[in-house]
Amino acid sequence: LGLREPLPLPSSRLAVGAVLRDGVPLYLFPSVETVVTRRSGGGGGLVGWHNRGLNSLPLGGTWMPWAGAGPPERLRLSAFSRRLPPLADQGAAPEGSSPEEERRWARVAEPAAVGQAVALLLGTLADAPDELGEGYQFLLAPLPGEALPEGAVQPGVQLGLVLSDALSDPDLNEPGWADEVGCFAAADIAVYQVPPGGRSEYLPACYKPLYSGAAPR
């Protein structure tokens with residue numbers, strides 16, 4: 001997940017995504033919805049930017065077959081985070097902490113039900129535009145009320161998300177957690193700061209208001 005300078009940090013919510021083929025859902029995966037809020041030019045209203053270009057919509061690394069997911073009300077999304085390992089030019093870990101402590105996962109949210117989000121996906125598909133029924137598509141729905149803590153998504157953070165049956169309680173610090181969970185979907189999201197893109201001559205026109213707008217007061 002790339003966060004571009006000089007945009008402010010996004011607000012974030014847990015989300016569930018579906019992989020579609022010709023409008024038919026094939027897979028489910030956990031994700032996170034990030035939104036950068038900007039004021040439109042000329043003193044206009046606030047605009048929330050979900051899609052900010054390359055690497056702004058995490059699509060998960062392990063998908064769960066839609067047909068094998070079971071009843072949506074039985075699925076839970078677990079969220080963990082930890083610091084990314086330091087790059088060569090960033091030096092060692094902070095004083096007083098060991099590399100093992102820095103790399104342990106911490107739970108950032110209690111396991112959350114995804115039934116309402118899946119229902120939102122299905123409702124969208126039932127009244128979808130024709131374009132959504134052509135080829136492969138990705139559709140994301142946020143979990144109602146499941147906002148992540150402020151600063152949970154920022155450069156240097158790694159998020160680990162697991163979508164699994166409500167009877168399981170995955171702990172990413174346990175080496176064999178995947179064997180115990182059984183059927184699951186997962187996302188491993190590394191968050192990095194990336195150079196400014198607003199001045200690039202190759203910036204698509206649709207993203208120019210994102211960089212020309214102002215932060216809300």
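Colleague: Why is Arg107 called partly exposed?

Modeller: In this predicted model, Arg107 has a relative accessibility of 33%. Buried would need a value under 20% and exposed one over 50%, so Arg107 counts as partly exposed.

Colleague: Where does Arg107 lie, and which residues is Arg107 in contact with beyond its neighbours within four places in sequence?

Modeller: Arg107 lies in strand S7. With those neighbours left aside, Arg107 is in contact with Ser78, Ala79, Phe80, Asp169 and Pro170. Ser78 is 29 residues from Arg107 in sequence, and their C-alpha atoms are 7.9 Å apart.

Colleague: What makes the pairing of the Arg107 and Asp169 side chains a polar contact?

Modeller: The side chains of Arg107 and Asp169 make their contact at 3.3 Å. The limit for a pair of N or O atoms is 3.5 Å, with one able to donate a hydrogen and the other to accept it, so the pair counts as a polar contact.

Colleague: How do you know that Ser164 is buried?

Modeller: Its relative accessibility is 1%. Buried means under 20%, so Ser164 counts as buried. Ser164 sits in strand S9, residues 157–165. Its side chain joins that of Ser168 in a polar contact of 3.0 Å. Leaving aside neighbours within four places in sequence, Ser164 also has contacts that include Arg74, Leu75, Arg76, Pro170 and Phe184.

Colleague: Which strands make up the open sheet, and in what order?

Modeller: The order is S7-S6-S9-S10, four strands with antiparallel pairing. Strands S7 (106–113) and S10 (184–190) are the edges: each has a single partner strand, so one side of each has no neighbour in the sheet. From one strand to the next the twist averages 15°.

Colleague: What makes S6 and S7 a pair?

Modeller: Five bridges join S6, residues 75–83, to S7, and the two run antiparallel. A pair needs at least two bridges, so S6 and S7 count as paired. Within this part of the sheet, Arg76 stands opposite Ala113 in S7.

Colleague: Which residues touch the most other members of the largest nonpolar core?

Modeller: They are Leu14, Val16, Leu28, Leu143, Val153, Leu163 and Ile189, in a core of 34 residues. Among the elements that each supply at least two residues of this core are strands S2 (11–21), S3 (24–39) and S8 (136–147), along with helix H2 (115–126). Another core, of eight residues, lies apart from it; Leu172, Val181, Phe184 and Ala186 are among its members.

Colleague: Which residues is Leu143 in contact with, apart from neighbours within four places in sequence?

Modeller: Leu143 has contacts including Leu14, Val16, Leu77, Ala113 and Ala117.

Colleague: Why is the aromatic pair of Tyr27 and Trp63 called tilted?

Modeller: The planes of Tyr27 and Trp63 are 45° apart. Stacked needs under 30 degrees and edge-to-face over 60, so this pair is tilted. The centres are 5.6 Å apart, and the limit for a pair is 6.5 Å. The structure holds five aromatic pairs, and Tyr27, Phe29, Trp63 and Phe138 form one aromatic cluster.

Colleague: What does the pair of Tyr27 and Trp63 tie together?

Modeller: Tyr27 is in strand S3 and Trp63 in the loop between strand S4 (46–49) and strand S5 (64–65), so the pair ties together parts 36 residues apart in sequence. Tyr27 is partly exposed at 32% relative accessibility, and Trp63 is partly exposed at 33%.

Colleague: Why do the phi values of Asp22 and Asn55 get a mention?

Modeller: Most residues other than glycine have a negative phi. Phi of Asp22 is near 55°, and phi of Asn55 is near 60°. Asp22 is in the loop between S2 and S3, and Asn55 is in the loop between S4 and S5.

Notes. Residues are numbered from 1 along each chain as its sequence is written. This is a predicted model: local features need pLDDT of at least 70, side-chain atom pairs count only at pLDDT 80 or more; totals for chains, interfaces and linings use all residues. Side-chain values use heavy atoms; hydrogens and water are left out. Buried means under 20% relative accessible area, exposed over 50%, partly exposed in between (1.4 Å probe, protein chains only). Contact means heavy atoms within 4.5 Å. Axes are lines fitted to C-alpha atoms, for helices over the stretch in contact, and angles run from 0 to 180 degrees between N-to-C directions. A nonpolar core is a set of buried Ala, Val, Leu, Ile, Met, Phe, Trp, Tyr and Cys residues joined through side-chain atoms within 4.5 Å. Rings of Phe, Tyr and Trp (its six-membered ring) pair if their centres lie within 6.5 Å; planes under 30 degrees apart count as stacked, over 60 as edge-to-face and the rest as tilted.
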